Structures are given as C-alpha cells and as structure tokens.
Amino acid sequence: MNAIVKVLIADDQPLVRRGLALMLDPEPGFQVVAEAADGAEAVRLAHEHRPDVVVMDIRMPVLDGIAATERLTSELPGCRVLALSTFDMDEHVVGALRAGACGFLPKDISPEDLVAALRVVRDGEAILAPRLLTRLISRHVTAPDRWAVPPAPTGAEGLTPREREVWRLIADGSDNAEIADRLGLSASTVKNHITALFAKLRVRDRAQAVIAAYETGLVTARRET
C-alpha cells in the first residue's frame with residue numbers, strides 16, 4: 001500500500017486541472033503524471049504514462065469523458081477511472097458508470113475527500129455518494145438512453161434470498177458494516193455475499209449494482225414532489 005499512486009487529470013478547463021493537481025502535489029504517495037484537455041488526449045496519455053487512476057471530467061471536447069472512460073477500461077483494464085461532475089443531477093454520470101468508471105465526485109470536492117477517494121479507487125473499490133447516486137438513477141436510469149446502455153444483468157434470477165437482501169441494502173446506500181449490522185452477519189460473510197452477487201449480476205462494483213437494482217425493478221424510484 002506504500003506504492004506511489006500515479007494520477008492523470010483530464011478536464012478541459014485549465015484552472016480545474018491545475019487546482020486538482022495542486023490538491024495532490026503536497027500529498028505523500030501521489031504523483032500527477034499528466035494532464036489532458038480532452039478525452040482523446042486522456043486516452044493517449046494514459047497509454048503513455050500508465051496511471052493508476054484517471055480523474056475524468058464528463059463533458060470535454062473531441063472525445064467526451066464517457067467515451068474516453070469506455071476506451072480506457074477496455075484498452076487498459078488496470079487503469080481505474082474516477083468521474084467528475086457538478087453537484088446537480090447530471091445524467092451523464094450514469095453513462096460514465098456504465099462505461100466502467102469506478103464512481104464520481106463533485107468538482108468542489110475537498111482535498112481530503114479527493115485523496116481518500118483516489119486511495120479507495122486505486123484499491124479496486126467504488127467511490128460514490130450513495131444517496132446522491134440513488135437520486136440520480138431515480139431520474140435517469142429508465143429515461144430514453146442516448147448512450148446505448150447494455151441491458152440489465154441477466155443473473156438476477158439465480159440469486160439466493162440472502163444475496164437479494166444484500167443487493168437491496170447496497171441499492172439503499174448501505175456500506176458493508178451497515179449491511180452486516182442489519183442482517184446480523186460478520187463482515188467477511190457480507191463480503192463473500194457481495195463477491196457472489198457481483199459475479200452473478202456481471203457487474204464490477206457497487207455503482208453498477210445500484211444501477212442494476214433499478215433496471216431490474218428490485219427497487220423503485222422515489223419520486224420527488
């Protein structure tokens with residue numbers, strides 16, 4: 001865990017790129033290896049520098065963040081993508097998650113939260129604000145899709161009752177400790193259930209599992225009034 005985390009920052013706004021780089025420069029264990037002004041440049045520089053994590057803006061010229069994320073996760077499977085968004089209900093975030101991003105953060109993220117998020121993503125986990133993701137999906141996951149989102153995972157019918165309970169709690173925004181407490185299970189048992197659940201659903205992380213829960217009707221959107 002002491003290895004340097006190599007980060008590539010992709011954003012079409014120079015001030016944002018510089019601001020994110022300045023957040024990370026003083027942090028031990030992080031190295032900003034490159035900055036890209038569009039998605040195509042991000043893909044090219046990722047092949048050149050092989051970062052551990054790409055901090056990816058969603059809206060960029062030439063190649064947008066969604067398309068760039070899809071290319072990166074396909075061409076460089078070891079490279080993790082953390083999408084950036086403004087804090088509104090940005091429908092493009094759903095497309096980024098389906099393209100393989102490990103999560104998303106608002107652009108006004110604090111330095112401490114950014115560092116923590118990068119470590120989580122580097123370690124192979126997803127990082128997102130669960131309640132915000134739930135609101136986002138509630139508005140957009142069943143809307144007409146402009147990004148040819150793949151169909152809902154096909155393994156849901158093979159889930160055990162316990163795996164279905166765990167899935168529902170994930171969709172509700174619960175973390176592993178909360179799931180263990182709710183179901184009276186050990187942390188290791190919860191982790192085993194989640195591993196089996198993800199394999200059956202053919203999803204890579206919690207973000208895609210939450211989206212799949214809405215797509216399959218396991219949970220329904222709570223409409224805002």
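**The surroundings of Asp-57**

Modeller: Asp-57 touches Ala-10, Asp-11, Asp-12, Gly-65, Leu-84 and Lys-107, leaving out residues up to four places away in sequence; contact means heavy atoms within 4.5 Å. The model is a predicted one, in which local features need pLDDT of at least 70 and side-chain atom pairs count only at pLDDT 80 or more, while totals for chains, interfaces and linings use all residues. Residues are numbered from 1 along each chain as its sequence is written, and side-chain values use heavy atoms, with hydrogens and water left out.

Colleague: Which residue is joined to Asp-57 by a polar contact between side chains?

Modeller: A polar contact is a pair of N or O atoms within 3.5 Å; within protein, one must be able to donate a hydrogen and the other to accept it, and residues adjacent in sequence count only if both atoms are side-chain atoms. At 3.3 Å, the side chain of Asp-57 has such a contact with that of Lys-107.

Colleague: Is Asp-57 buried or exposed?

Modeller: Asp-57 lies in strand β3 (residues 53-57); strands (E, at least two residues) and helices (H or I, at least four) are DSSP runs, numbered from the N terminus. Buried means under 20% relative accessible area, exposed over 50%, and partly exposed in between (1.4 Å probe, protein chains only). Because its relative accessibility is 4%, Asp-57 counts as buried.

Colleague: Which residue in β2 is the bridge partner of Leu-8?

Modeller: Strand β1 (residues 5-10) and strand β2 (residues 30-36) pair in the parallel sense over six bridges, where pairing requires that DSSP find at least two bridges between two strands. In β2, the partner of Leu-8 is Ala-34.

Colleague: How many residues has the largest nonpolar core?

Modeller: A nonpolar core is a set of buried Ala, Val, Leu, Ile, Met, Phe, Trp, Tyr and Cys residues joined through side-chain atoms within 4.5 Å. Leu-8, Ala-10, Val-54, Met-56 and Leu-72 have the most contacts inside the largest core. The number of residues in this core is 31.

Colleague: What percentage of the residues in the protein chain is buried?

Modeller: The protein chain has 10 helices and five strands. Of its 225 residues, the buried share is 48%.
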